[in-house]
Amino acid sequence: AAVRDRMASLHPGLTVFDVHTMQEDLDRLNSLAQWESAIYLILGFFALFLACIGLGGVTAYAVVRRRKEIGIRMALGAHARQVQGLVLREGTALVAAGTVLGVGGAFALARIFAAYSETLARTFGQRANSPFLLVGAPLLLAALAMLACYLPARRATRIDPVSALREE
């Protein structure tokens, strides 16, 4: 009301509407940034979930394709832990390669974007000093991916060698 009265005394023909303080503007801007951060976080977890499903699907497919080989190994005396280790090693190789390529690609893209324009340089030029982000995210992805590989590996240990050898 005080702002409207003061403006009316200075400019009687001026209509004043939507009056608010600078703090209200800053709070509105901060809430928008928090909302965007929450959306990025949700999208990141969804991407992590999809990556785990994809890796689990690839591993399950590899187990199905190698069913006969796994049956032969078990018929020749391989233990369930050995078969499980074989499948998990393949999953670990995929996770390690993906982590190295992903982290390397992220750093390369950040440098490319920072060199592209000043606005992007201010955004991407800041180093992420959070150890949770730099170490925790790849470790979380690796742990969840190994869990996604464990289920098909456990299923591979239940293959009946006789039925695997009979199928064509």
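I looked up the salt bridges in this predicted model and found four of them. For the cut-off, I counted a side-chain nitrogen of Lys or Arg within 4 Å of a carboxyl oxygen of Asp or Glu. My numbering starts from 1 along each chain as its sequence is written, and side-chain values use heavy atoms, with hydrogens and water left out. Local features need pLDDT of at least 70 and side-chain atom pairs count only at pLDDT 80 or more, while totals for chains, interfaces and linings use all residues.

**Entry: aspartate 25.** I found its partner to be arginine 28, with the closest N and O atoms 3.4 Å apart. Both sit in helix H2 (residues 22-65), three residues apart, which is about one turn of the helix. Helices here are DSSP runs of H or I, at least four residues, numbered from the N terminus. I then checked accessibility: aspartate 25 is partly exposed at 31%, and arginine 28 is partly exposed at 48%. Partly exposed lies between buried (under 20% relative accessible area) and exposed (over 50%), using a 1.4 Å probe and protein chains only.

**Entry: glutamate 69.** Which side chain meets glutamate 69 at 2.7 Å, N to O? I found arginine 66 there. Arginine 73 also bridges to glutamate 69, at 2.9 Å between the closest N and O atoms. Arginine 73 and glutamate 69 are four residues apart in helix H3 (residues 67-75), again about one turn of the helix. I noted that shared partners join Arg66, Glu69, Arg73 and Glu90 into one network. Glutamate 69 is partly exposed at 27%, as is arginine 73 at 37%.

Note on methods: Helices (H or I, at least four residues) and strands (E, at least two) are DSSP runs, numbered from the N terminus.
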